[in-house]
Amino acid sequence: MAVPKLELRLLGNTGLKLSSVGFGASPLGSVFGPVSESDAVASVREAFRLGINFFDTSPYYGGTLSEKMLGKGLKAVGVPRNEYIVSTKCGRYREGFDFSAERVTKSIDESLERLQLDYVDIFQCHDIEFGSLDQIVNETIPALQKLKEAGKIRFIGITGLPLEIFTYVLDRVPPGTVDVILSYCHYSINDSTLEDLMPYLKNKGVGVISASPLAMGLLTELGPPEWHPASSELKSACQTAAAYCKEKGKNISKLAMQYSLSNKDISSVLVGMNSVKQVVENVAAATEVALFGKDQETLSEVEAILKPVKNQTWPSGIQHS
């Protein structure tokens, strides 16, 4: 039986076509519990087999472990380099933040070595709200442009939680300098504020990747981790919504995934994965929504439950190590 291929979507003006589901490799760094090398490699191979061509990591995840594991996984896939798209990040490390030109220039070489690659497709400044945005504009991005000229990276991106950081930077750099933004927790059932920024980003020709469709665990049956920064009101509404879905024989995570995937202006929805089972579930959710559309009835009920807490966010990115 032929596997229905995942939809590919253009990323801004880059010419890159990303799978609608992206492989978030932070769990490969054993960030959410131990992951064996064989499981890490198997999940990357299965992802590629099922049509995922976009893999995202950072030296910060698992203190460089995620990059090493992803590198081994991609090596094991054994296909030509142009068949997959890799993004990694700079500026955030286990030892803290450093967006200086010197550090990010050194950073790419370290990442390429761990990933066992000659170049990355997208190199992103990681969680820029923790640094100086003016330094990002005046020092970091120009340093990244030099890496682009040197052929070590193909495109430049910025990531972070508060949406206003994107407009701040994009309004201050020459047009076409920043190719992509990675936003998280702003395009899920409980928070769709990223939508307001879409016309602006489109106008700038900037591609959009959205991460954490499950709102860092809020939209799961298990519920969020201890350190989750959401208010107790938001956590409890999400818990009620998850229980409602379960009662109906539905899964809130799948619903959340499909909600995020149905916006075609988002090039890829990044989901953390660390097992073949998770890869299979995420791809199934995507192929199902492509074939049958989203479960509007359950979705409307869940949206009604979450309405009082809709678009309630928290001030800045994840502080936990």
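**Figure 1. Helices H3 and H4 pack at an angle of about 35° in this predicted model.** Helix H3 covers residues 101-115. Helix H4 covers residues 133-149. Their axes lie 9 Å apart. H3 passes H4 in a right-handed crossing. From H3, the residues in contact are Ala101, Val104, Thr105 and Ile108. They meet Glu139, Thr140, Ala143, Leu144 and Leu147 of H4. By class, this contact of H3 with H4 holds six nonpolar, two polar and one charged residues.

**Figure 2. Gln116 sits in the loop between H3 and strand E8.** Strand E8 spans 120-125. Most residues other than glycine have a negative phi. Gln116 is not a glycine, yet its phi is positive, at about 60°. The relative accessible area of Gln116 is 38%, so this residue is partly exposed.

**Figure 3. Cys185 is another non-glycine residue with a positive phi.** Its phi is near 65°. Cys185 belongs to the loop between strand E10 (180-184) and helix H6 (194-204). Is Cys185 buried or exposed? The relative accessibility of Cys185 is 3%, so Cys185 counts as buried.

**Figure 4. Helices H7 and H10 cross at roughly 155°.** H7 runs over residues 232-247, and H10 over residues 296-306. Their axes come within 9 Å. Angles over 145 degrees count as roughly antiparallel, and H7 and H10 are therefore roughly antiparallel to each other. H7 passes H10 in a right-handed crossing. H7 brings Ala237, Cys238, Thr240, Ala241, Tyr244 and Cys245 to the contact. H10 brings Thr298, Glu301, Val302, Ile305 and Leu306. By class, the contact of H7 with H10 counts eight nonpolar, two polar and one charged residues.

**Figure 5. Helices H8 and H10 pack at an angle of about 95°.** Helix H8 is made of residues 252-261. The axes of H8 and H10 are 11 Å apart. How are H8 and H10 oriented to each other? They are roughly perpendicular. Ile252, Leu255 and Tyr259 of H8 meet Thr298, Leu299, Val302 and Glu303 of H10. The contact of H8 with H10 has, by class, five nonpolar, one polar and one charged residues.

**Figure 6. Gln296 is a residue of helix H10.** With 40% relative accessibility, Gln296 counts as partly exposed. This view also takes in Leu144, a residue of H4 that meets H3. Gln296 and Leu144 are 152 residues apart along the chain. Their C-alpha atoms are separated by 43 Å.

**Figure 7. Phe23 belongs to the largest nonpolar core.** This core has 105 residues. Which residues have the most contacts inside it? They are Phe23, Phe55 and Ile158. Beyond its neighbours within four places in sequence, Phe23 touches several residues, including Leu28, Ser43, Val44, Ala47 and Ile52. Phe54, Phe55 and Asp56 are also among its contacts.

**Figure 8. Ser19 lies in strand E2.** The strand spans residues 17-19. Ser19 has 0% relative accessibility and therefore counts as buried. Leaving aside neighbours within four places in sequence, Ser19 contacts Leu6, Glu7 and Leu8, among others. Its contacts also include Gly51, Ile52, Asn53 and Phe54. Ser267 and Ser268 are in contact with Ser19 too.

How values were computed: Residues numbered from 1 in each chain as written. Predicted model: local features only at pLDDT ≥ 70, side-chain atom pairs only at ≥ 80, totals over all residues. Heavy atoms only, no water. Axes fitted to C-alpha atoms, helices over the stretch in contact; angles between N-to-C directions. Helix = DSSP H or I, 4+ residues; strand = E, 2+ residues; numbered from the N terminus. Parallel < 35°, antiparallel > 145°, perpendicular 65-115°, else oblique. Left-handed = near helix turned anticlockwise from the far one by under 90°. Contact = heavy atoms within 4.5 Å. Nonpolar A, V, L, I, M, F, W, Y, C, P; charged D, E, K, R; others polar. Core = buried A, V, L, I, M, F, W, Y, C linked by side-chain atoms within 4.5 Å. Buried < 20%, exposed > 50% of the residue type's maximum accessible area, 1.4 Å probe, protein only.
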